[in-house]
Amino acid sequence: MGSVESERLVTGWAARDPSGFLSPYTYTLRKNGPEDVVIKVLYCGICHTDLHQSKNHLGMSNYPMVPGHEVVGEVVEVGREVSKVRVGDVVGAGVIVGCCRECGSCKANIEQYCNKRIWSYNDVYTDGKPTQGGFASAMVVDQKFVIKIPSALAPEQAAPLLCAGVTVYSPLKHFGLMTGGLRGAIMGLGGVGHMGVKIAKAMGHHVTVISSSDRKRTEAMDHLGADAYLVSSDEAQMAAANDSLDYIIDTVPVFHPLEPYLSLLKVNGKLILMGVINQPLQFVTPAVMLGRKTITGSFIGSMDETLEMLEFCEKKGLTSMIEMVKMEQINEAMERLERNDVRYRFVVDVAGSKLDP
Ligand SMILES: NC(=O)C1=CN([C@@H]2O[C@H](COP(=O)(O)OP(=O)(O)OC[C@H]3O[C@@H](n4cnc5c(N)ncnc54)[C@H](OP(=O)(O)O)[C@@H]3O)[C@@H](O)[C@H]2O)C=CC1
Ligand SMILES: O=C/C=C/c1ccc(O)c(O)c1
Ligand SMILES: [Zn+2]
Ligand SMILES: [Zn+2]
């Protein structure tokens, strides 16, 4: 690595067009300033959002794009005003790498809702340089958006917590759903969903998995600790679960009707939408009125919540269930993610991969 203020040449794996195919791409990191941390990337999880973005599912992708926002790395250099971490620390970075620090959301420490948020990739930094993510040898991140990984958590296990973990922890906390004894459901047992089961179970909830098939039943019940398993297309199973749930965390990444799931909620129940779906979802008003039900959404979590969630996982001994891949296998991993063939998060061994062409 070079010294402060010099431009560092790095190699990442970038999508060049909406095929989403990733290949080596060399670029310079932005110049690091006094509040910046230079991170050598060790591991990076593959979130379904990386697939959405690399394939332009949202119609706002800019190429070349180096995805990856579940980043764990080693600090190799810090600016002179950095106090949060030190060289050699194992740290994490996630979806957001900048915010305005002045708006209501920033002042309330929910900076993920800042309208001037800067995304870790597919965005432009304050210096005008495109942001690039964690499928790369290194990143420069403002210390506000860097978090120290507790020593009890294995770095590769911690990577999925930086998006998937906090994405379920944040709404459970915000909507007052951390108390024991609640009956919740996780819909879509993928990267976010499997952390949902683990975190909700650790909060003492009765957890139902609502899945599109029967294929994950044994794993969900025996390995993840779910209490019940519902196949969404099974009308008898769905009818038997009517009016039984305090909340549903819906992580399905494609269009789906909401009414069958609203029926599962008790009075005052909450349907919390997580999936990024670029198509209108419909429901008829009595489906929410006749039970004062809430349809809401939630976006990742704040840095404060991320730290709290990591400490929660450390305290409860929670880990993610991962499948490690080398960067050379990333296109195959993306294809498998798209066809719902991952248990439950791919993590790229970035430092252990050959990144250069
Ligand atoms: N709101 C936020 O802050 C965040 C949102 N996201 C979004 O949440 C969604 C889920 O992300 P993630 O958990 O990483 O995704 P995964 O692909 O890992 O999991 C999604 C799950 O949804 C179910 N599913 C149902 N239909 C489909 C389908 N046609 N294709 C694929 N999966 C299907 C599957 O579960 P099963 O087999 O049980 O049916 C699958 O495992 C994405 O849209 C992602 O962009 C991700 C992180 C943060
Ligand atoms: O994986 C994290 C990002 C989630 C996300 C949520 C909403 C949205 O519009 C996005 O573009 C990404
Ligand atoms: Zn994500
Ligand atoms: Zn702001």
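Select β5 (90-93) and α10 (303-316): each supplies at least two residues of the lining of the largest cavity. Helices here are DSSP runs of H or I, at least four residues, and strands are E runs, at least two, numbered from the N terminus.

This is a predicted model, where local features need pLDDT of at least 70, side-chain atom pairs count only at pLDDT 80 or more, and totals for linings use all residues. Residues are numbered from 1 along each chain as its sequence is written.

Stay at the cavity. About 130 Å³ of space lies in it. Now show Gly94, Val95, Gly301, Met303 and Thr306, the closest to its centre of the 16 lining residues. A cavity is a set of points on a 1 Å grid where a 1.4 Å probe fits but cannot get out; lining residues have an atom within 4 Å of a point. Volume is the space filled by probe spheres set on the points. Colour the lining by class: 9 nonpolar, 6 polar and 1 charged. Gly counts as polar, and Tyr and Met as nonpolar.

Next, select α4 (residues 164-174) and α5 (residues 191-202). Their axes, lines fitted to C-alpha atoms over the stretch in contact, come within 8 Å and cross at roughly 50 degrees. That makes α4 oblique to α5, as angles under 35 degrees count as roughly parallel, over 145 as roughly antiparallel, 65 to 115 as roughly perpendicular and the rest as oblique.

Show the side chains at the crossing. Contact (heavy atoms within 4.5 Å) is made by Ala164, Gly165, Thr167, Val168, Tyr169 and Leu172 of α4 and Gly191, Val192, Met195, Gly196 and Ile199 of α5. By class, this contact has 7 nonpolar, 4 polar and no charged residues.

How values were computed:
Chains are lettered from A and ligands numbered from 1 in the order in which they are written. Side-chain values use heavy atoms; hydrogens and water are left out. Axes are lines fitted to C-alpha atoms, for helices over the stretch in contact, and angles run from 0 to 180 degrees between N-to-C directions. On a 1 Å grid over the protein atoms alone, a cavity is a set of points where a 1.4 Å probe fits but cannot get out, and a pocket is an open set with protein on both sides within 12 Å along at least five of seven lines; lining residues have an atom within 4 Å of a point.
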